[in-house]
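Biologist: I've got the model open and I'd like to know what the labels rest on. Can you take me through them?

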Amino acid sequence: MAKSEPGATRRRGPNDPERRARIAKAAIEVVAQRGIDGLTHRAVAAAAGVPLGSTTYHFATLDDLLEVALHEAAERNVHALKEWEAALPPDADFAAALADLVMGYISEQYRDTVVEYDLYVAALHRPRLRKASAAWDEALTELYGLRTDPLTGRLLAGLFCGLLMQAALADPRPTRAEIETLFRRAIDGPAA
């Protein structure tokens with residue numbers, strides 16, 4: 001058996017360098033399945049396939065878990081929206097494109113939409129989450145402002161968020177034509 005040289009220390013790297021990220025993604029999954037009230041360290045540990053101590057090591061409180069889940073959801077959503085906007089032709093009918101986007105969020109992506117809003121609204125009762133929610137709003141405003149102007153971008157971001165929440169809750173859901181009409185009014189103003 002070889003002896004180590006005096007003064008030499010053995011460095012040990014992380015056994016699972018992706019664990020923190022897996023826990024963050026698992027927190028989103030738990031919120032999707034159980035809602036905000038169902039978020040516990042134990043549930044997240046089970047969903048991530050890690051020991052309970054790992055979740056409390058990386059995220060000491062439930063608010064820490066909520067914060068990382070909100071950041072993760074916001075980053076994922078903003079990234080997808082940026083890809084969506086970049087794929088639109090420069091001369092795209094933006095009101096129609098936004099209506100299609102909303103319809104996708106309330107149909108094929110309904111589950112993700114509900115989770116994202118659960119996390120977003122959690123900031124109402126948890127002030128430390130407000131910075132992440134505000135950053136999400138700013139990203140939407142900036143993105144929509146690229147196709148219009150900064151003020152209209154802010155208007156569209158608010159309309160988009162409100163329509164998504166209303167449409168997700170409505171029974172029956174608004175039609176695509178109704179949603180497009182609202183976006184068109186926001187972009188073009190009232191008819192002459």
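Modeller: Buried means under 20% relative accessible area, exposed means over 50%, and partly exposed is in between (1.4 Å probe, protein chains only). This is a predicted model, where local features need pLDDT of at least 70, side-chain atom pairs count only at pLDDT 80 or more, and totals for chains, interfaces and linings use all residues. Residues are numbered from 1 along each chain as its sequence is written, and side-chain values use heavy atoms, with hydrogens and water left out.

Biologist: Why is tyrosine 117 called buried?

Modeller: Its relative accessible area is 14%, so tyrosine 117 falls under the 20% cut-off.

Biologist: And what makes tyrosine 120 partly exposed?

Modeller: Tyrosine 120 has 23%, so it sits between 20% and 50%.

Biologist: Why is the pair of tyrosine 105 and phenylalanine 160 called edge-to-face?

Modeller: Rings of Phe, Tyr and Trp (its six-membered ring) pair if their centres lie within 6.5 Å; planes under 30 degrees apart count as stacked, over 60 as edge-to-face and the rest as tilted. Here the centres are 5.8 Å apart and the planes are at 80 degrees, so edge-to-face it is. Tyrosine 105 is in helix H5 and phenylalanine 160 in helix H8, so the pair ties together parts 55 residues apart in sequence.

Biologist: How do you know that the buried residues of H8 line one face?

Modeller: Down the axis of H8, they fall within an arc of 165 degrees, so they line one face. That arc is taken from the directions from the helix axis to the C-beta atoms. Among the buried ones are Leu156 and Phe160, while Arg154 and Gln166 on the other side are exposed.

Definitions and conventions:
Helices (H or I, at least four residues) and strands (E, at least two) are DSSP runs, numbered from the N terminus.
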